[in-house]
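Please open the model in a viewer with selection by residue number.

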Amino acid sequence: MTAPPLIELRDITRTYRTGALAVEVLHGIDLAIHAGEFVAIMGASGSGKSTLMNLIGCLDRPTGGRYLFAGRDVSTLDRDALALLRRDAFGFIFQQYNLLPTASAVENVEVPAIYAGLPRVRRLARAREILIRLGLGDRLDHRPNQLSGGQQQRVSIARALMNGGRVILADEPTGALDSRSGREVLALLRQLNADGHTVVLITHAPEVAAEAGRVVTIADGHVVSDDGPAPGRPESEVAPPVPARTGGVGPDMLEAVKMALRSLRASLFRTVLTLLGIVIGVGSVVAMLAIGEGARLDVVGRIQAMGSNLLLVRPGAPNLRFTVGGSVATLVPADADEIRLLPHVRGAVPEMQGSVTVRLGSVDYQTMVDATSAEFPIPREWPTASGIFFDQADVRSYAPVAVLGQTVLKALLPEGGDPLGRYVLLNNVPFQVIGVMATKGATPYGGDMDDVVFVPLSTGGLRLLGQRHLRSITVQVDDVAEIAATEARIKALLTERHRTVDFQIRNMASIIETVEQTQNTLTVLLGSIAAISLLVGGIGVMNIMLVSVTERTREIGVRMATGARTWNILLQFITEAIVVCAIGGVLGVGGGIATALVVRALGSTVVLSLPPVLLAFGCAFATGLVFGFMPARKAARLDPVVALGAE
Ligand code: ADP
Ligand code: MG
């Protein structure tokens, strides 16, 4: 033999460390295997055969000594370099076949080529071709549990050949097979060797070892006998070359997504449960934001309906909150008359309020009386539905006339009918009904604006409320731009008239702003509750992914043995998490929109817009990325030998 050996081990040792305990399993192995040889490594159970094979197959690194593969020292290569070497040079056959249980024969066989970057079409063609060559043409789409042991082992041999399989490493390949299937597998290995593959067969059985051209016996970590290189074998480079690679960047995203879908389908119920957290999280983000935004528009709209060019003057010192009862007696009707004369003031509507009992015929109804001036309907943009509002002459002459709100009308005349011209008793004082207001609706704070009777300020103050102090003056400004200046002028005027600041002026524009802020806070609050459920969903995803990694440790080991690099495994598991979350995101967006539509059908304002939908979906996606990362990294960092050895 003149050519240098393909595999050359020089004084290789391997020490396992378990805690503080260090056990040397291989004690200085020297072994040279030439290309094209068929070598059996034989030894009793526990003698170190598998340990040696893992070293030869670059699944593991020696503790000491040198390993030259095709003349190149590989004992110090890093993880990914070893993965590339495994992918290009080795094909593994395991005692337990180690097929992916959820994948068909073809899908199992194509795995190594995925990591070699072979395009899908060529990959499938090659996988089929090899399987047909190994006599499995009628089992291409069968799952491992639909195949016999011998057939499964042939699938795993096909997988070992997928990337060329220059060196076939078979660890007890017949150990789990009946004798007939075992003989078939051995015949296959002999055939492969005849085709030019270098075959290393590990076995504890002498009759199996006898199939090989050369037997190396090890005992207790030492080589105790070696036939020496078998003569007359064909030389190296007879094995089919490694298929051409497209850059060798590993599986593309599409491939990862496909694998993810397959493994998610395999545990469908669990996937659905995992999805649920994300669905609920995303759904509530979408629904909550739509409902929150709807509520905001609703309230702001209602305030705006009251007029944004209004100033509201109320009695009471400015540092007090609004005094709802109107018990502070500082504003008088003359104040309104003076304000009316200021520039840019279109109107100044004084109001007094109190509760009153209305009687029409035999019906009594408790409501609110609003004593005001004739111009009231103008700034409020609140017309009469029938009849008229009282005029200035009525106010001046203390006319006993009343205008009813719709709620009062319905209470007094539940059967319908025309109240105009009839007399009602307000606290036993007769008033003639001259008009009915149009429907105004609810106040921003939930009250009913139509539950009211309007009477002239003069009549109401004198005969119903018995006082002359106002509850408010509503000032309408003719130009919204002048609202601040007008507010200042009113303040100056009233301060001069009262000789103190015993009133407050509220700017409707600023009230709207305040309410908007409040509603924004509410929306943020709803949004954060939803975000928390998304977080919980994400933790669920992480949990299930960790379980999945644990369950599929062996699969990860097989993928690593066939050439998957750290990045491939990382990508695969992150993709799985992202796929779960993305599916959950889509369902959640649908559910959220449906919920919002139901709420809308129930009568609330709901604003559906794209940004929250994108936000929620993006959050789901990010959740997958963030919570998938830890399990994926755990998977990617597994040691190939440990992963393969997992139960
Ligand atoms: P064989 O394949 O010949 O039966 P192995 O190579 O699997 O033997 O194991 C050789 C010895 O190394 C055994 O005593 C076994 O207990 C020990 N061993 C194998 N793997 C490990 C490990 N990961 N950690 C500690 N000891 C190990
Ligand atoms: Mg073993």
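Select asparagine 98 to begin: asparagine 98 sits in the loop that runs between strand S6 (90-93) and H3, where helices (H or I, at least four residues) and strands (E, at least two) are DSSP runs numbered from the N terminus. The backbone here has a positive phi of about 55°, although asparagine 98 is not a glycine. Most residues other than glycine have a negative phi. Asparagine 98 counts as buried, at 7% relative accessibility; buried means under 20% relative accessible area, exposed over 50%, and partly exposed in between (1.4 Å probe, protein chains only).

Some conventions apply throughout. This is a predicted model, in which local features need pLDDT of at least 70, side-chain atom pairs count only at pLDDT 80 or more, and totals for chains, interfaces and linings use all residues. Residues are numbered from 1 along each chain as its sequence is written, chains are lettered from A and ligands numbered from 1 in the order in which they are written, and side-chain values use heavy atoms, with hydrogens and water left out.

Next, select helix H3 (residues 105-116). How many of the residues of H3 are buried? The count is 11 of 12, so H3 is mostly covered. Among the buried residues are Val106, Asn108, Glu110 and Tyr115. Display the surrounding helices as well: the buried residues of H3 pack against helix H2 (79-89), H4, helix H5 (149-161), helix H8 (253-266), helix H17 (553-561) and helix H18 (566-601), a contact being heavy atoms within 4.5 Å. Glycine 117 follows H3 and has a positive phi, near 80°.

Remain at H3 and show the side chains of glutamate 110 and arginine 123. They meet in a salt bridge, at 2.9 Å from N to O; a salt bridge is a side-chain nitrogen of Lys or Arg within 4 Å of a carboxyl oxygen of Asp or Glu. The pair links distant parts of the chain, with glutamate 110 in helix H3 and arginine 123 in helix H4 (residues 120-133), 13 residues apart.

Move to helix H6 (residues 179-194), where arginine 180 and glutamate 184 are four residues apart, which means a separation of about one helical turn. Their side chains form a salt bridge of 3.5 Å, N to O. Arginine 180 is exposed, with a relative accessible area of 54%, whereas glutamate 184 is partly exposed at 33%.

Further along H6, select arginine 190 together with glutamate 211. The closest N and O atoms of this salt bridge are 1.8 Å apart. Glutamate 211 lies in the loop between helix H7 (206-209) and strand S9 (214-219), and the pair, 21 residues apart, links distant parts of the chain. Arginine 190 is partly exposed at 39% relative accessibility, and glutamate 211 is partly exposed with a relative accessible area of 28%. Then select Arg552, Glu555, Arg559 and Glu576, which salt bridges with shared partners join into one network.

Aspartate 220 is the next selection, in the loop between S9 and strand S10 (222-226). Its phi is near 50°, a positive value in a residue other than glycine. Aspartate 220 is exposed, with a relative accessible area of 62%.

Now select glycine 57, in the loop between helix H1 (49-56) and strand S4 (64-69). Glycine 57 is buried, with a relative accessible area of 0%. Not counting residues up to four places away in sequence, glycine 57 touches Arg86, Phe90, Phe92 and Leu169.

Finally, display the whole protein. It has 20 helices and 20 strands, and its C-alpha atoms fill a box of roughly 135 × 55 × 40 Å, taken along the principal axes. Of its 647 residues, 53% count as buried. Residues 24 or more positions apart account for 77% of the contacts with a separation of 6 or more. The salt bridges in the protein come to 22.
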